[in-house]
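Follow the charged side chains through this model.

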Amino acid sequence: MSLFQRTFHRLRPSAQRYSAQCVRGLEEFFETKTSVPTEQIPAGRAWEAAELRQKSFEDLHKLWYVLLKERNLLATQKLEAKRLNVEFLHKDRVVKCKKSMARIKGVLTERQLTWEEAQKEVGRRMNQAEQQHVSLLEKHRKMAHKGGKKRQ
């Protein structure tokens, strides 16, 4: 079971923010008892943007750090494989991890742009409402002023 699989099953919307505390120390950089796995460890697929759009900010934040740990674990394994002059077997996991992280960034960028556009729209509507209010006040003053002259 990969680090991603071991960690992600604990993610729940109600869970507290991810804590970066070390639970096991340097062991978290290694997946098995050996520094480089000698056999292919099965891994799932990369996260789709549509799936990530349904997640809360807190869940995306947690998932980001799970993927970051996975990326660091794989980078450690890759360097260790190079040092030992053996083949690194998990190139596909590196790609899936990077794709997922890029998609999280994309989803968060979409949300940011949508929020900024909504803020601009609220500002435009507030200005329109304010202008309408001012014009109604002017009309009322003119009508009151005209009515006051007629009475005299």
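The side chains of E48 and R103 form a salt bridge at 3.9 Å, N to O; the term means a side-chain nitrogen of Lys or Arg within 4 Å of a carboxyl oxygen of Asp or Glu. This pair ties together distant parts of the chain. E48 sits in the loop between α1 (3-8) and α2 (49-53), R103 in helix α4, 55 residues apart. Helices here are DSSP runs (H or I, at least four residues), numbered from the N terminus. E48 is partly exposed because its relative accessible area is 39%; buried means under 20%, exposed over 50%, partly exposed in between (1.4 Å probe, protein chains only).

This is a predicted model: local features need pLDDT of at least 70, side-chain atom pairs count only at pLDDT 80 or more, and totals for chains, interfaces and linings use all residues. Residues are numbered from 1 along each chain as its sequence is written, and side-chain values use heavy atoms, with hydrogens and water left out.

The whole structure holds 11 salt bridges. One of them joins R45 and E51 at 2.5 Å, N to O. R45 is exposed at 53%, while E51 is partly exposed at 25%.

Now look along helix α4. R124 and E121 meet in a salt bridge at 2.9 Å, N to O. They are 3 residues apart in α4, so about one helical turn separates them. E117 and R125 join R124 and E121 in a network of salt bridges.

Between α3 and α4 lies a loop that contains N85. N85 is not a glycine, yet its phi is positive, about 60 degrees. Most residues other than glycine have a negative phi. N85 is exposed, with a relative accessible area of 70%.

Key
Helix = DSSP H or I, 4+ residues; strand = E, 2+ residues; numbered from the N terminus.
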